[in-house]
Amino acid sequence: MVGAGARVAILDRDERAAISLVKALESQGAKAIAIATDVSDRSDIEAALKRVVDNYGRLDIMVDNAGISRPSRTAEVSEELWDDVIGVNLSGVFWGCQVAFSYMREAGYGRILNTSSTSSLGSYANASYASTKAGVVAMTRSLAMEYGKYGVTVNAVGPGMITAPMTDQTSAEIKQRWIRKTVVGRLGEPEDVARLFLFLALPGSSYITGQMIFVDGGYTLPTMKA
Ligand SMILES: NC(=O)c1ccc[n+]([C@@H]2O[C@H](COP(=O)([O-])OP(=O)(O)OC[C@H]3O[C@@H](n4cnc5c(N)ncnc54)[C@H](O)[C@@H]3O)[C@@H](O)[C@H]2O)c1
């Protein structure tokens, strides 16, 4: 987004991480601000987006990307774990869409991008995560139906296994199994996902809405590798 000239706001509950990302972006000449935000708290999102609009005068693009994963066999899932994962991955995305739309509706323009996952199809010993990521797909389709007439598109991106902190703890063996099932024969890089976000964020993507697009190197294809 920054490369395409966007002014950005990094909303993260990890304020230090947000500030260090903002510094990195600023060192590349970008305009960016960090706002400590817990996306599972609607009032936090409301305050954060108000600051964004106060700063930049508008909100064109909302990326609902914050997410957590707490793999656990179903019998061991506590109410606390369930509520945490739903709170960030599902409620956080919903409140993000709802509050962002209140600005976009007024402007008659907007691009909302939600992060789902290949886990939306199901994930072994991670039902809480899978449920939220499938919920994001249904939410995206539903909101796209409501928001289209206001010039606001809503799409979801479904990464496969991407080299990122979330997968740092994944064992080498599981990564190898994943790669073997991936048509292009490698894990994804953050840039693979960012390129799709950028495409969907541009004004020219106005005829694409309510879609979920996997960025998974063909992992979800029902084919066997030659
Ligand atoms: N890495 C992968 O392989 C992969 C695959 C599919 C989908 N995803 C999804 O991509 C998104 C980004 O994941 P990532 O791999 O970059 O993980 P990550 O852990 O590096 O980033 C997640 C970010 O969300 C923030 N966050 C967590 N809870 C929050 C909250 N309550 N409020 C605000 N911020 C919060 C964290 O501080 C962190 O900066 C997530 O939605 C994840 O589910 C990741």
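Visitor: What does valine 137 touch, not counting residues up to four places away in sequence?
Guide: Valine 137 touches Ser116, Ser120, Ala156 and Met212. Two residues are in contact if their C-beta atoms, placed from the backbone, lie within 7 Å. This is a predicted model, in which local features need pLDDT of at least 70 and side-chain atom pairs count only at pLDDT 80 or more, while totals for chains, interfaces and linings use all residues. Residues are numbered from 1 along each chain as its sequence is written.

Visitor: Why is valine 137 called partly exposed?
Guide: A residue is buried if 20 or more other C-beta atoms lie within 10 Å of its own, exposed if 12 or fewer, and partly exposed in between, with C-beta atoms placed from the backbone. Valine 137 has 19 C-beta neighbours inside 10 Å, so it counts as partly exposed. You will find valine 137 in helix α4 (residues 127-147); helices (H or I, at least four residues) and strands (E, at least two) are DSSP runs, numbered from the N terminus.

Visitor: And what makes alanine 18 buried or exposed?
Guide: Alanine 18 has 20 C-beta neighbours inside 10 Å, and therefore counts as buried. Alanine 18 sits in helix α1 (residues 15-27), where its contacts, leaving out residues up to four places away in sequence, are Ile10, Asp12, Ala34 and Ala36.

Visitor: How do you know what span helix α2 should have?
Guide: The expected span is 1.5 Å times one less than the number of residues. Helix α2 (residues 42-56) has 15 residues and should span 21 Å; its end C-alpha atoms are 21 Å apart, so the two agree. Glycine 57, with a positive phi near 85°, follows α2.

Visitor: Why do we say that the buried residues of α2 line one face?
Guide: The buried residues of α2 are Ile45, Ala48, Leu49 and Val52. Seen down the axis of α2, they fall within an arc of 95°, so they line one face of the helix. That arc is taken over the directions from the helix axis to the C-beta atoms. The face turned away from the buried side carries the exposed residues Ser43 and Asp54. Cover for the buried residues of α2 comes from elements including β1 (8-12), β2 (32-36) and α3.

Visitor: Which residues touch the most other members of the largest nonpolar core?
Guide: Leu49, Cys97, Ala100 and Ile112 do, out of 39 residues. The largest share of this core, ten residues, comes from helix α3 (residues 79-107). A nonpolar core is a set of buried Ala, Val, Leu, Ile, Met, Phe, Trp, Tyr and Cys residues joined through C-beta atoms within 7 Å.

Visitor: What makes alanine 100 buried?
Guide: Alanine 100 has 25 C-beta neighbours inside 10 Å, so it counts as buried. Its place is in helix α3, and alanine 100 touches Leu49, Leu59, Met62, Gly110 and Ile112, again not counting residues up to four places away in sequence.

Visitor: Which residues come nearest to the ligand?
Guide: Ala66, Gly67, Ser117, Ala164 and Met166 come nearest, out of 23 residues around the ligand. A residue is near a molecule if its C-beta atom, placed from the backbone, lies within 6 Å of it.
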